[in-house]
Amino acid sequence: QIADAMYNMGDIFYTKIMDIPSADKTYREFQSRFPKDERKAETYYIEYRINGTLNKPDEQAAFRDRLIREYPTSRYAMMLANPNYAANLQKMQQVQNDMYRETYDMYIDGNYNGVKQNYDKMLRDYPLSEHLPRFALLSALSSAKLGQYAASEAELDSIVAKYPESDITPISLHLSSKDANKWHKRAPTTSTVAVDKRLRQN
């Protein structure tokens, strides 16, 4: 419970308040106090990003090496082991924006398998993207459209659990309380219009 609170506090400092020094301090304490926590690899990656922002190349390199050494099979280590990662980081936001627009258009055009493939690619290549909740919801809606109702309901529940602060979460919570076999076939309602408007934001 203390580990959860400290991890969440680091996330608040880093993504909500944008207090980078406090995030740095919190994540380092988390790593020291909970060395076996499964989220440690993620905090190493965040520290890599933080120390880049703080213009501390030696510290940044140290976290990169630590991540690759201690968690070589993690998706974060695989990203940083890519020699082109530093260059890719600079254009990453634009790439994510373009991919999200492409994926939204796929959903509108009925290419539901393409939506799910793009979501899997985002999870692999950009695991901390701010667009992930929207990708996840498009994937959940696509699962329902493909008749994969149990998968759709599981994805909606996952969105609620993983992204409690996202503006997508209330919509996911509303839909997860419905029968996917029914709501995906209905004509547009107030809730589905709201989904559409929020998904178009990027």
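Colleague: How much of the protein chain is buried?

Modeller: Of the 202 residues in the protein chain, 43% are buried, meaning under 20% relative accessible area, with over 50% called exposed and anything in between partly exposed (1.4 Å probe, protein chains only). Bear in mind that this is a predicted model, where local features need pLDDT of at least 70, side-chain atom pairs count only at pLDDT 80 or more, and totals for chains, interfaces and linings use all residues. Residues are numbered from 1 along each chain as its sequence is written, and side-chain values use heavy atoms, with hydrogens and water left out.

Colleague: OK, and how many helices and strands are there?

Modeller: Twelve helices and zero strands in the protein chain, taking DSSP runs numbered from the N terminus: H or I of at least four residues for helices, E of at least two for strands.

Colleague: What share of the contacts comes from residues 24 or more positions apart?

Modeller: 57%, among contacts in the protein chain with a separation of 6 or more. A contact here is heavy atoms within 4.5 Å.

Colleague: Switching to aromatics: how many pairs?

Modeller: Seven aromatic pairs. The rule takes rings of Phe, Tyr and Trp (its six-membered ring) with centres within 6.5 Å; planes under 30 degrees apart are stacked, over 60 edge-to-face, the rest tilted.

Colleague: So which class do Tyr7 and Phe30 fall in, and why?

Modeller: Tilted, because their planes are at 55°, with the ring centres 6.0 Å apart. Tyr7 is in helix H1 (residues 2-17) and Phe30 in helix H2 (residues 20-33), so to speak a link between distant parts of the chain, 23 residues apart.

Colleague: Buried or exposed, that Phe30?

Modeller: Phe30 is buried, at 0% relative accessible area, and Tyr7 is buried too, at 14%. Ring pairs also join Tyr7, Phe30 and Phe34 into a cluster.

Colleague: What about Tyr44 and Tyr71?

Modeller: That pair is edge-to-face, 6.0 Å centre to centre with 65° between the planes. Tyr44 sits in helix H3 (residues 40-53) and Tyr71 in the loop between helix H4 (57-70) and helix H5 (75-81), so the pair ties together parts 27 residues apart in sequence. Tyr44 is buried at 3% relative accessibility, whereas Tyr71 is partly exposed at 22%.

Colleague: And which rings does the charged end of Arg66 sit over?

Modeller: Tyr44, at 5.7 Å from the ring centre, and Phe63, at 4.8 Å. The test is NZ of Lys or CZ of Arg within 6 Å of the ring centre and within 35 degrees of the ring normal.
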